[in-house]
Amino acid sequence: MAYAAFRSIGAYIPPKIMTNADFEKIIDTSDEWITKRTGIKERRLSEAGEASSDLGAKAAQIAIDRAGISKDEIDLVICATVTPDFLCMPSTACMIASKLELPNVMAYDISAACTGFVYAVSVAKAFVESGMKKNVLIVGAETYSSILDYTDRTTCFIFGDGAGAAIISATEDKSEAIIDVNCSSDGNYHDLIKTPGGGSLHPCSQEVLDQKMACIKMKGNETFKLAVKTLTSDVKVMLEKHNLTNADINHFIPHQANYRIIKAVGEALDMNDEQTVVTVDKYGNTSAASIPMAMNYAYEQGKIKKGDNVLFDAFGGGLTWGSALFPFSPKN
Ligand code: UT7
């Protein structure tokens with residue numbers, strides 16, 4: 001049986017910075033309020049005309065180079081995004097494959113909001129373990145700036161743009177294998193985070209434009225409470241299932257939505273600051289890109305070494321949630 005190894009990580013961080021002070025100029029808010037309520041100091045923005053696939057392809061190239069494989073060895077491209085280049089088609093994964101010059105490869109998108117990258121890990125693992133694919137490129141790429149209503153002071157300051165990517169490859173060595181991925185959802189909570197217009201329920205119309213219905217609407221406070229509860233219980237279930245404790249985890253990488261959520265979950269799980277990766281202060285919430293961008297940050301700081309146990313913990317619109325547990329397994 002083939003096992004699935006998490007071989008590499010990469011990210012692309014757009015250089016353009018939007019600070020809390022910039023938001024003070026456009027909405028009724030303050031750096032002090034945003035910092036206290038979220039821990040966010042700044043977030044990144046793509047350039048006009050720069051789409052999710054542009055960010056994703058740059059992150060992907062880094063992940064491919066670090067995995068030490070030729071791009072021709074990639075046999076599946078999955079892009080997790082809720083800010084695709086195009087509303088319906090072609091998929092952002094197809095656009096990334098085209099930009100990487102991978103013309104004959106299976107490529108498709110996953111829509112699971114902020115949990116998308118963990119869903120992608122789950123699917124890549126299944127494809128590799130089944131023997132159907134050998135080298136899967138997974139990407140989380142978002143340009144939230146394209147779906148934000150910059151007059152909605154309750155939501156617009158939270159999100160940012162960016163992309164992260166990883167290579168998941170077949171291995172015979174069980175010690176390299178992704179241990180487990182557990183993903184779930186509850187559509188009864190679909191109203192908490194939503195882009196209400198522009199889809200088949202409310203197709204694009206003057207009303208959709210006037211009401212900014214194609215922009216993200218979020219019931220932040222209700223989402224906050226469910227996020228803390230779900231992110232905590234998700235990890236407890238994962239650790240118990242594998243007879244592990246928090247001490248077995250070298251790098252706890254939660255979804256980067258709000259520092260208060262990360263802190264509350266970390267405390268409930270007894271994860272210390274050394275174990276917990278935090279980038280929300282620098283990048284804000286980049287949805288499906290948040291976990292791979294955070295992992296890449298810790299990797300580039302020299303903190304993540306071969307064989308270290310990594311635990312992803314994601315939560316987002318849908319609602320969706322999921323966790324993934326694996327040893328970081330670069331080839332060298
Ligand atoms: O990534 C997917 C999952 N998403 C999340 O996990 C996001 C979770 N939610 C959050 O991070 C937080 O709920 C927010 C940061 C969005 C909001 O923080 P909060 O502590 O939940 O604030 P709140 O909505 O309860 O509002 C508190 C007060 C209100 O004023 P009153 O009614 O108490 O007078 C708001 O009107 O803060 C006010 N407020 C603001 N004040 C200054 C709301 N937005 C702002 C703002 N600046 N930008």
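Let's start with the ligand: the space it takes is the second largest pocket. Keep in mind that this is a predicted model.

Which elements give two or more residues to the shell around the ligand? There are three helices: H2, covering 31-38, H7, covering 220-241, and H8, covering 259-269. Helix H7 gives the largest share of that shell, with 4 residues.

Now the shell residue by residue. There are 22 residues around the ligand. Thr29, Arg37, Arg153, Asn221 and Asn285 come nearest. By class, the shell splits into 9 nonpolar, 9 polar and 4 charged residues.

Arg260 uses its side chain, where a polar atom lies 2.9 Å from an oxygen atom of the ligand. Then there is Trp33. An N or O atom in the side chain of Trp33 is 3.4 Å from a nitrogen atom of the ligand.

How much of the ligand does the protein bury? Taken alone, the ligand exposes 960 Å², and the protein buries 74% of that.

Next, the pocket itself. The second largest pocket has a volume of about 560 Å³. Its lining counts 28 residues. Nearest the centre of this pocket lie Thr154, Ile158, Met218, Gly220 and Asn258. Which elements supply at least two residues each to this lining? H2, H7 and H8 do, and so does strand S12, which covers 309-316. H7 supplies the largest share of the lining, 6 residues. The lining of the second largest pocket divides into 14 nonpolar, 10 polar and 4 charged residues.

What about the largest pocket?

About 1100 Å³ of space lies in the largest pocket. The lining is made of 41 residues. Val82, Pro84, Leu87, Ser111 and Thr195 lie nearest the centre of the largest pocket. Two strands give two or more residues to this lining: S5, at 106-110, and S9, at 193-194. By class, the lining of the largest pocket has 21 nonpolar, 16 polar and 4 charged residues.

Last topic: backbone geometry. Most residues other than glycine have a negative phi, and most peptide bonds are trans.

First up, Met89 and Pro90. A cis peptide bond joins them, with omega about -5 degrees. Pro90 sits in the loop between strand S4, at 76-80, and helix H4, at 92-99.

Next, Gly318 and Leu319. These two are also joined by a cis peptide bond, with omega about -10 degrees. Where is Leu319 found? Leu319 is in the loop between S12 and strand S13, at 320-327. S12 has come up already, as one of the elements that supply the lining of the second largest pocket.

Then Ala113. Ala113 is not a glycine, yet its phi is positive, about 50 degrees. Ala113 is found in the loop between S5 and helix H5, at 116-129. S5 is one of the strands that give residues to the lining of the largest pocket.

To wrap up: the ligand takes the space of the second largest pocket. H7 gives the largest share of the shell around the ligand, and H7 also gives the largest share of that pocket's lining.

Methods. Residues numbered from 1 in each chain as written. Predicted model: local features only at pLDDT ≥ 70, side-chain atom pairs only at ≥ 80, totals over all residues. Heavy atoms only, no water. Near = heavy atom within 4 Å. Polar contact = N/O pair within 3.5 Å; in protein donor to acceptor, adjacent residues only side chain to side chain. Areas by Shrake-Rupley, 256 points an atom, 1.4 Å probe, with all protein chains shown as cover. 1 Å grid on protein atoms, 1.4 Å probe; cavity = no way out; pocket = protein on both sides within 12 Å on 5 of 7 lines; lining within 4 Å. Sits in = over half its atoms within 2 Å of the grid points. Nonpolar A, V, L, I, M, F, W, Y, C, P; charged D, E, K, R; others polar. Points joined across faces, edges and corners; volume = space filled by probe spheres on them.
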